[in-house]
Amino acid sequence: MSGGVDSSVTAKLLADQDFDLSAVFMRNWDTRDESGTDRGCEWEKDWEDVQRVCKVLDIPCKMIDLSKDYWNRVFEPSLKLWETGVTPNPDVWCNKEIKFGALLERLPISPTHPNSWFATGHYAQKRWRTPSPSSEPRPQLLRAHDSTKDQSFYLSSISEAGLRRALFPIGHLEKSQVRELARQFKLPTAERQESMGLCFVGERGRFSKFLSSYIPPNPGPVRNLSTGRTVGEHQGLWEYTIGEKTRISGLLSKMYVVRKDIPSNTIWVVSGADNPSLYCSEFQVVQFSWIWADRPPARLDDPNGYPASVKFRHRMTDVGCTVWRSDAETDADEASNELITIEFDEPQKAVAPGQVAALYNGGWCLGCGVIAETS
């Protein structure tokens, strides 16, 4: 439970069923760890709300401190990537490494507890499918009913073992229905506003300003791709994301980031939000993780490729694509070494190295990887 309305309603729906239910709250980040003072402990309000809801529902709850795990397994690796100029997605890796990783490692959910489940307030769905008559049913990660709140993208990196234990009790509901249920149930969090953004940034202003407290400045030129002329200076490649409008005064037209040259520490920009240079037709993905790790789509090695759809940002509508495996690795143990090529049906704007690319077959999320190169 996070202290929000979604996990509160999730708890209530489960409490009304025949489960031996308990709640857990993760502490992933505390600004006191940064400042060394007693100021800025935002998690305490969340923990208070979790306890209030659990008191109403008469279920036990506990807090597990995963801040060290989050730092070592999510934040520090992301920080190194930001420093080099790429664009990681910590929320995706938090689900893999923390919620369905470190947390599950500390909970009594194992083959010796076959009737144990792990429920979250994610907007996603799951179904069981038998791939062949002789095989056991396997779990599939599906989109949520509410397409505007669907979080299957954020869950695309979790393992099949984690998905097998997962329950998504609100995945079939609209957000408005969840809010109304919270009011009907008279839950203390019914009117709580929705939290957005990364847990370690919170309400503290611009993201680049936050990163500058961890990464030393590394000034470099901002140059116009069309003319080659220097039009400004940046303080670090992490200041901008591919496709973002620059904040450079004195220019006659709005300029947008089209490329980052890491060896020369240069950010290249172009004029106009729809400049053709902002679009790409294909990209390569590394570290791809299929949820069914031993059963990737057979047509990956077909000359015509595997038709699918892809998302590289949470709030985008997935777009049609064709997928190829660029090398012959088929061993599940070496799946992370696969190089996957994804070609868009139509060129797409603002695709950035480091972003997560999640693949879909209709409503079924197959897994995800990290964008390495675009063209």
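## Close-up views of a predicted model

View A. Look for Asn-224, which has Val-269 of E10 standing opposite.

**View B. Strand E1, covered on both faces.** In strand E1 (residues 23-27), 5 of the 5 residues are buried. In a regular strand, side chains alternate between the two faces of the sheet. For E1, one side carries Ala-23, Phe-25 and Arg-27, the other carries Val-24 and Met-26, and all of these are buried. The strand pairs in the parallel sense with strand E2 (residues 61-65) over 5 bridges. Arg-27 stands opposite Asp-65 in E2.

View C. Helix H1 (residues 5-15) is mostly covered, with 9 of its 11 residues buried.

**View D. Ser-309 and its surroundings.** Ser-309 belongs to strand E12 (residues 306-311). Its relative accessibility is 10%, so Ser-309 counts as buried. The side chain of Ser-309 makes a polar contact of 2.7 Å with that of Asp-318. Leaving aside neighbours within four places in sequence, Ser-309 also touches Arg-143, Val-319, Gly-320, Cys-321, Ala-358, Leu-359 and Tyr-360.

View E. Searching the whole structure turns up 0 disulfides. Take Cys-365: it is in no disulfide, and the nearest cysteine sulfur, that of Cys-368, is 7.1 Å away. Cys-365 has a relative accessible area of 1%, so it is buried. Cys-321 counts as buried too, at 2% relative accessibility.

**View F. Arg-192 meets Asp-46.** The count for the structure is 18 salt bridges. In one of them, Arg-192 pairs with Asp-46, and the closest N and O atoms are 2.4 Å apart. This pair links distant parts of the chain: Arg-192 is in the loop between H8 and helix H9 (207-211), while Asp-46 is in helix H3, 146 residues apart. Arg-192 is partly exposed, at 21% relative accessibility.

**View G. Arg-138 meets Asp-294.** Here the side chains of Arg-138 and Asp-294 form a salt bridge, 2.7 Å from N to O. Arg-138 is in strand E5 (residues 138-142) and Asp-294 is in the loop between strand E11 (279-290) and E12, so the bridge ties together parts 156 residues apart in sequence.

View H. Asp-301 and Arg-325 form a salt bridge with their closest N and O atoms 2.7 Å apart. Asp-301 is in the loop between E11 and E12, and Arg-325 is in strand E13 (residues 319-325), so the pair ties together parts 24 residues apart in sequence. Asp-301 counts as partly exposed at 44% relative accessibility, while Arg-325 counts as buried at 11%. Elsewhere, salt bridges with shared partners join Lys-45, Asp-46, Asp-49, Arg-52 and Arg-192 into one network.

How values were computed. Residues numbered from 1 in each chain as written. Predicted model: local features only at pLDDT ≥ 70, side-chain atom pairs only at ≥ 80, totals over all residues. Heavy atoms only, no water. Helix = DSSP H or I, 4+ residues; strand = E, 2+ residues; numbered from the N terminus. Buried < 20%, exposed > 50% of the residue type's maximum accessible area, 1.4 Å probe, protein only. Polar contact = N/O pair within 3.5 Å; in protein donor to acceptor, adjacent residues only side chain to side chain. Contact = heavy atoms within 4.5 Å. Pairing = 2+ DSSP bridges. Disulfide = S-S within 2.5 Å. Salt bridge = Lys/Arg side-chain N within 4 Å of Asp/Glu carboxyl O.
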